[in-house]
Amino acid sequence: MMDTVLAISYLVASITFIGGLKLLGSPKTARTGNLLAAVGMTVAIIATLVLYHDEQGQHLGNIPLIIAALVIGTGIGWFMAMRVQMTSMPQMVSFFNGMGGACAGFISVLEYKHLLAASAHTSDAMLAGAVHTPNTWHLVAIVAGLLIGSVSFSGSIIAFLKLEDKLGDIRYRGQMIVNNLILLAACAVGVVLVVEYGYVGMEHVAFLAALALIFGVVFVLPIGGADMPVVISLLNSFTGVAAACGGFVYDNMVMLIGGILVGSAGTLLTVVMCKAMNRSLTNVLFSSFGGATASGSSKAATGSVKQLTATDAAVLMAYAQRVVIVPGYGLAVAQAQHVCHNLEHELEARGVSVSYAVHPVAGRMPGHMNVLLAEADVSYDKLVEMEEINPLFKQTDVALVVGANDVVNPAAKTDPSSPIYGMPILDVEDAKNVIVMKRSMKAGYAGIENELFYRPNTSMLFGDAKATMTALVNEVKAL
Amino acid sequence: MDPATLSLIYLVVLMIFLGIELIGHVPSVLHTPLMSGANAIHGVVIIGSIIVMGMADDALSLTLGFIAVVLGTLNVVGGFVVTNRMLEMFKKK
């Protein structure tokens, strides 16, 4: 009876995961989808606490301590998730992903230890009989869970640090070979743990964990910060697979289904994100984006840069028919989304049509700009995706680029030697006037020069996005 | 390979296809919340950590299990809350 209730709870949870993921795919239903999955998760956790028992009918012990751990985790998780700035969402996701990976790693370590202890017990009882061997597939799942979970943990933490700008890109000659050797060594230790079960001990488990942790670090280190979203998405699917390994070990359906779903959906999402940048996954992971290769494109970026004042810019926009705002990471860092909305408001009051051009990878994550602008109450239908807005730039009087750089770099179309060559960009250069708001002439995240800034129809408006934007709003009001 | 393991493998294969179908045509606007939501769902690994901690019979296992449950809860709670906060931004006014 109790088994049936537990199984049904897991089934319900699995259905909420599937339904939740489906609902997350559409803007109207996404929130419901998230809540649905959260409810399912709660059901699964409570059912496990109350109803779970092992093959000998033994119920779970340490319940008060488990509940204490749940309460502590909930408190910290809730606090962190509520406190984090919208601009830091990507690294927060990465951090939580790493926690899941670490959790999977710990489970594997403890389960291997548990099995070893059980075998030792059995062989004692059988008086030097053969070593009790557990199901080989279970062993494989334990080892795989440890390997994948650890890589996901350390990789996610490195991605987190990179997005926080606490860590740069580290590259050296022969890096790929070293990385592959570390991975190979980790796999070899993993095979030993399975094949030589009973003859090797926990020190081999620790060795595997160490190698996997190191691999996670060296795997993410050389990848450029602009590509972190792809890496996070990939590590996300890794953690899914690690969770599924746990499902194998315990024959636990909800872990298996949840884990594999995220594993496959996450992998596809990773590929889709790469496609949005017109690059392949291998290109993202194994080519040094924005490193030494960037030098080729700098030669094109010569000539003079025009500057204009906030007053000039205000006049230009206030008497325009059509203004397109192109937001980028600079807008996010300066927290300028609210002022930006004010500007839109002021311009619309003067009969100017204003829309926003959102590049799929503007900011640090796909959808980053949409989230930010939505926070500032910018209406959803003012945000226009790249394919739709590109033909309209020709009829645009002013394109206002706010802290965006690589996504408007014409080198992506014209310079085959550029590392971003082939990436679809916003064709702001087609607009009659381009105003670029930037803090300085510094290169963008990909580390390359932008010839757009030297075009005759481009003027630069230097300064912090929020301060400049506020000045602009005041100037427009004063006109 | 015993029948039980085999049926698990069937399940895995089906889930892989289901996962791909579910994500098929999602607008890029929703990539970040979707990734974050998926991130919360793989927090289901917490079930394993609860089981492992519930069966722990020595101080070391108990301590490690405790850490695992805390980390797993972080993944679940943080994941869902962050996703919800992102999606709140999409609310129609």
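What is the accessible surface of chain B, and what share of it belongs to carbon and sulfur atoms? Chain B has an accessible surface of about 3400 Å², and 71% of this belongs to carbon and sulfur atoms; areas come from the Shrake-Rupley method with a 1.4 Å probe, and for residues only the protein chains shown count as cover.

This is a predicted model, in which local features need pLDDT of at least 70, side-chain atom pairs count only at pLDDT 80 or more, and totals for chains, interfaces and linings use all residues. Residues are numbered from 1 along each chain as its sequence is written, chains are lettered from A and ligands numbered from 1 in the order in which they are written, and side-chain values use heavy atoms, with hydrogens and water left out.

Let me stay with chain B. Four helices and zero strands are found there, in the pattern α-α-α-α along the sequence (helices, H or I of at least four residues, and strands, E of at least two, are DSSP runs numbered from the N terminus). The radius of gyration of chain B, taken over C-alpha atoms, is 18 Å, well over the 12 Å that the globule rule gives for 93 residues, so chain B is more spread out than a compact globule. That rule is 2.2 Å times the number of residues to the power 0.38. Along the principal axes, the C-alpha atoms of chain B fill a box of roughly 55 × 35 × 15 Å. Of the 93 residues in chain B, 67% are buried, meaning under 20% relative accessible area with a 1.4 Å probe, protein chains only.

Conventions: Buried < 20%, exposed > 50% of the residue type's maximum accessible area, 1.4 Å probe, protein only.
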